[in-house]
Amino acid sequence: STHPRHLQFMNLSGAGKAIAVLTSGGDAQGMNAAVRAVVRMGLYVGAKVYFIHEGYQGMVDGGDNIREATWESVSSMLQVGGTVIGSARCKEFRTHEGRLKAAHNLVQRGITNLCVIGGDGSLTGANLFREEWSGLLTELVEQGLIEQDSIQKYSALHIVGMVGSIDNDFCGTDMTIGTDSALHRIIEVVDAIMTTAQSHQRTFVLEVMGRHCGYLALVSALACGADWVLIPEMPPEDGWEDKMCQKLSATRSRGTRLNIIIVAEGAIDRHGKPITSSFVKDLVVKNLGFDTRVTILGHVQRGGTPSAFDRILASRMGVEAVLALLETTANTPACVVSLCGNQSVRLPLMECVEMTQEVQKAMDEKRFEEAVKLRGRSFENNLKTYKLLAHRKPESDLPHSNFNVAVLNVGAPAAGMNAAVRSAVRVGISEGHKMFAVSDGFEGFYKGQIKEIKWADVGGWTGQGGSLLGTKRTLPAKHVDKIAAQMRQHNINALLIIGGFEGFLSLLELLTARGKYEELCVPMVMVPATVSNNVPGSDLSIGADTALNAITSTCDRIKQSASGTKRRVFIIETMGGYCGYLASVGGLAAGADAAYIYEESFDIRDLQANVEHLTEKMKTSIQRGLVLRNENSNENYTTDFIYQLYSEEGRGVFDCRKNVLGHMQQGGAPSPFDRNFGTKISAKAMQWVTRKLGETFRQGRVFANSEDSCCLLGMRRRALVFQPVVQLKDETDFVHRIPKEQWWLKLRPLMKILAKYKTSYDVSDSGQLEHVVHNRPKELDA
């Protein structure tokens with residue numbers, strides 16, 4: 001369907017429709033954010049919205065379990081973990097009798113639109129209910145429980161699903177609601193355990209959730225650089241016991257004081273026999289005599305406050321779910337809304353369920369390579385990257401390329417930079433290159449602070465914040481002659497820059513200098529790392545997710561600080577230079593009422609409208625307001641000005657406080673997302689370097705002079721793309737150091753709708769129904 005969907009929002013009215021929302025199955029952090037978004041978007045389009053408490057059980061029991069929702073009834077639930085409307089396992093809904101009762105309860109209230117947030121079991125149940133619907137209504141008429149005309153009036157039941165499950169075990173969706181938060185819990189525990197293991201030279205075996213899916217185990221192993229990981233999709237080869245013990249003792253003999261082994265609760269061996277954490281512990285004690293402890297994380301992983309990622313994911317999906325319900329007709333299949341990359345998509349529910357069941361079947365039939373493929377692209381990439389980085393090949397097995405590759409950080413520090421450096425170094429070494437680390441960016445480069453960096457030198461780097469190599473904002477142009485001399489002296493054949501906007505400027509300068517200095521005619525690539533997320537050519541940059549989490553958790557605390565006092569509004573200043581990403585997306589995640597940014601100019605009338613809007617809201621049961629302001633959004637409407645304006649205008653209704661978040665947004669341990677994004681994007685950059693070195697090696701030397709040998713690797717919508725920096729020049733506003741077009745501006749109306757503004761919402765970006773792509777193995781000989 002290629003018809004333009006520009007601003008066709010206003011004709012999507014929900015008037016006369018009733019939508020019910022329920023959470024079912026195991027709870028997951030972020031479910032509340034999804035419920036809140038469904039309720040507010042539903043009310044926004046003029047529909048009636050109902051909560052169904054206690055999942056399907058509440059639908060069967062009816063009565064007080066089904067209550068109408070209001071705007072205020074979902075206030076301040078964004079930061080709460082779990083699901084506040086309750087979830088229950090329901091045997092009764094699996095019976096025909098139970099579903100008949102449920103249908104009766106819905107029809108009595110005129111509800112024909114269901115939004116189900118849960119795992120694959122809950123969604124399958126919903127679909128069966130939908131298929132039986134007209135039959136159930138006929139039965140109800142026959143029993144005299146409903147009027148004859150109800151059959152026509154409520155002829156079809158529309159269903160849209162959102163997947164809430166910490167296991168990320170649902171095919172067709174990149175990330176399910178709750179997965180990122182569960183990873184946060186696991187990584188917090190691993191980081192804490194590493195310090196005590198370090199003290200006592202211990203080995204820890206960590207058991208994480210995932211009965212049928214190894215996603216959490218795999219990604220947390222990738223994020224903390226675990227020594228060994230056991231997952232159900234990819235059981236270890238026979239004889240793994242000895243191999244694992246060899247690996248552990250090799251790590252120890254290189255001077256490391258600890259080992260981390262991560263086991264998914266569903267881990268099995270090649271013969272389908274379970275591998276338990278206690279079995280692994282006994283094995284290590286028996287074979288190596290290491291002091292070993294087991295930690296089973298259990299329900300901790302389901303708990304706690306949702307991460308920024310989960311709040312944004314759930315809020316976007318909730319809004320998308322309402323749109324999908326409004327657009328459904330009697331003959332469209334039930335769908336799930338999801339994100340692919342950072343793009344909304346809709347997928348037929350049953351296709352996803354069938355694919356998810358197919359993975360299980362492949363595992364049961366011991367077709368493990370196929371199971372990994374069916375799990376999808378991102379799972380497979382995670383597994384490949386983990387294998388590449390965790391297991392050091394013996395020297396004799398390494399290729400020798402005779403190439404030297406230098407890695408450096410440029411710009412301000414960002415959490416996740418170290419994970420990217422570690423990944424680049426280890427991938428480089430596996431591909432046979434000699435890796436060199438440059439300290440303090442281009443400043444260190446021209447001063448000759450360049451030394452070889454080995455596999456073990458980057459051990460334990462993933463969890464460290466900031467930049468261990470050291471980083472500076474210095475640009476190369478002034479010192480280009482000295483830099484060229486250093487390149488010649490150390491015979492550097494390729495450059496990998498991990499940094500922010502300065503990194504992009506540096507590449508442009510080096511490219512220009514190629515004409516004069518032959519030493520610079522080598523492959524060069526940059527990976528974006530900056531909290532501001534202002535690098536052209538990439539939708540996301542390493543460090544931005546960690547900064548968003550710092551902003552949201554601080555906003556949560558700040559809001560909490562006012563509980564029990566009278567009504568209060570907080571004015572909070574965020575970083576980002578001229579880029580409004582942190583303010584806007586942070587605002588969406590923290591539930592802000594307004595976010596002032598440079599990209600969307602505002603004047604005194606807008607400020608006044610915001611104050612009045614907030615004052616009206618504060619006259620209801622709403623206790624707290626949150627206003628974010630990007631540091632450079634306007635030179636005259638400063639944070640102080642806005643604070644004073646709100647203080648004066650809100651007098652008698654609310655009082656104000658202000659906070660400048662400052663450098664805490666740049667610090668802290670990197671979030672799981674930044675560790676993995678940094679690790680994967682950097683590995684890909686290094687593989688590109690190897691390929692380019694091969695292509696540009698002629699007559700005994702590397703000579704790369706074309707535009708496509710100087711690239712930026714960025715995430716664009718769904719894919720990682722290498723883009724020649726020259727081509728990005730036109731997309732860049734160099735004065736304000738931001739890309740001219742930024743995808744996240746489309747999320748701003750969403751924040752406004754969730755804050756009760758009437759605004760026009762452009763649905764041209766909302767998902768189209770697509771089909772699940774089978775990621776089948778090409779040849780199944782492996």
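**The second largest pocket**

Modeller: Helix H4 (120-142) and helix H11 (349-364) each contribute at least two residues to the lining of the second largest pocket; helices are DSSP runs of H or I with at least four residues, numbered from the N terminus. The model is predicted, with local features needing pLDDT of at least 70 and side-chain atom pairs pLDDT 80 or more, while totals for linings use all residues. Residues are numbered from 1 along each chain, and side-chain values use heavy atoms without hydrogens or water.

H4 is the greatest contributor to this lining, with 6 residues. The pocket (an open set of points on a 1 Å grid where a 1.4 Å probe fits, with protein on both sides within 12 Å along at least five of seven lines) has a volume of about 900 Å³, taken as the space filled by probe spheres set on the points. Its lining comprises 35 residues, and Arg 89, Gly 119, Asp 120, Gly 121 and Arg 211 are the closest to its centre; a lining residue has an atom within 4 Å of a point.

By type, this lining holds 9 nonpolar, 16 polar and 10 charged residues, where Asp, Glu, Lys and Arg count as charged and Gly as polar. The second largest pocket lies between domain 1 (18-176 + 306-361) and domain 2 (179-302), because both give residues to its lining; the bounds come from an automatic or database domain assignment.
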